Amino acid sequence: MAESFPEYIDRTLGYVKGRDPLRILQSTPRALERRLAGVPRRRLFTPPAEGKWSAAQILAHQSEMEMLWGYRIRTILEKNGAPIIGIDQDAWAKAGRYERIEPRESLAAFRAIRKANLDLVERLPGASLRRHGNHSQFGRLTIAGILRFLAGHDVNHSLQIEAILGRRRAGR
C-alpha cells in the first residue's frame, strides 16, 4: 500500500525528532560526498527496481529541492503568509531528465545552494524563523518547519542512497 502524504510527512519529520535540524543540514553534503567516493558511475545510475530512482536521480532531486525550498524561504521572508504552491516531483524528474544528470554535478549544485541557504538562515533574527507561508499541501509552514522538513528529507534520501548502494565494508 502506498504511503499517504501525511504518513510521508510524519515519517520524514520523525527522522529529525530530538536532533538539531541545522546540524543535519550542515553535514549532509559532506556525508553524501564521502558516501559517493569511489562508487562506479554505472552503479550510481542503476535504479534499485523498476520505477524507482537511482542514486544519481535522488541526488538530482535533492539539488532541485534545495533550490526550490531556498526560493520558498525567500518568498516567505518577502511576504509573511505568502502562498506556496506544491510541485509534482515526478514531473520535475521527467522534465529535468534526472536520469542523465551527472551525480557529482548534482552534488556540487546541492552543496553550493545548501551553503547559500544556510548562510541566509544563519543571518536571520530568531523571529524570522516563525514567518510562514501557506503551502498547498503542507498548510501553514514556518521557516523553522521548513528547516525541520529539509533535515528529514536529507535523512530520508541518505537512507535511500545507502540502501541502493549497500553498506560499506569495514576498512573501505
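A nonpolar core is taken here as a set of buried Ala, Val, Leu, Ile, Met, Phe, Trp, Tyr and Cys residues joined through side-chain atoms within 4.5 Å, where buried means under 20% relative accessible area with a 1.4 Å probe and protein chains only. The model is predicted, so that local features need pLDDT of at least 70 and side-chain atom pairs count only at pLDDT 80 or more, whereas totals for chains, interfaces and linings use all residues. Residues are numbered from 1 along each chain as its sequence is written, and side-chain values use heavy atoms, with hydrogens and water left out.

The largest nonpolar core holds 23 residues, of which Leu 25, Trp 69, Ile 73, Ile 146 and Leu 147 touch the most other members. At least two residues of this core come from each of helices H1 (5-14), H2, H4, H6 and H7, helices being DSSP runs of H or I of at least four residues, numbered from the N terminus. H7 supplies the largest share, seven residues. Ile 73 is in contact (heavy atoms within 4.5 Å) with Leu 120, Ile 143, Ile 146 and Leu 147, residues up to four places away in sequence not being counted. Apart from this core lies another, of 15 residues, among them Leu 36 and Phe 110.

Within H2, the buried residues include Ile 24, Leu 25, Thr 28 and Leu 32, and their cover includes helices H3 (41-44), H4 (55-78), H6 (103-123) and H7 (143-165). At its N-terminal end, H2 is capped by Asp 20, a side-chain oxygen of which lies 3.0 Å from the backbone nitrogen of Leu 22. Gly 38, with a positive phi near 80°, follows H2.

Terms used
Buried < 20%, exposed > 50% of the residue type's maximum accessible area, 1.4 Å probe, protein only. Polar contact = N/O pair within 3.5 Å; in protein donor to acceptor, adjacent residues only side chain to side chain.
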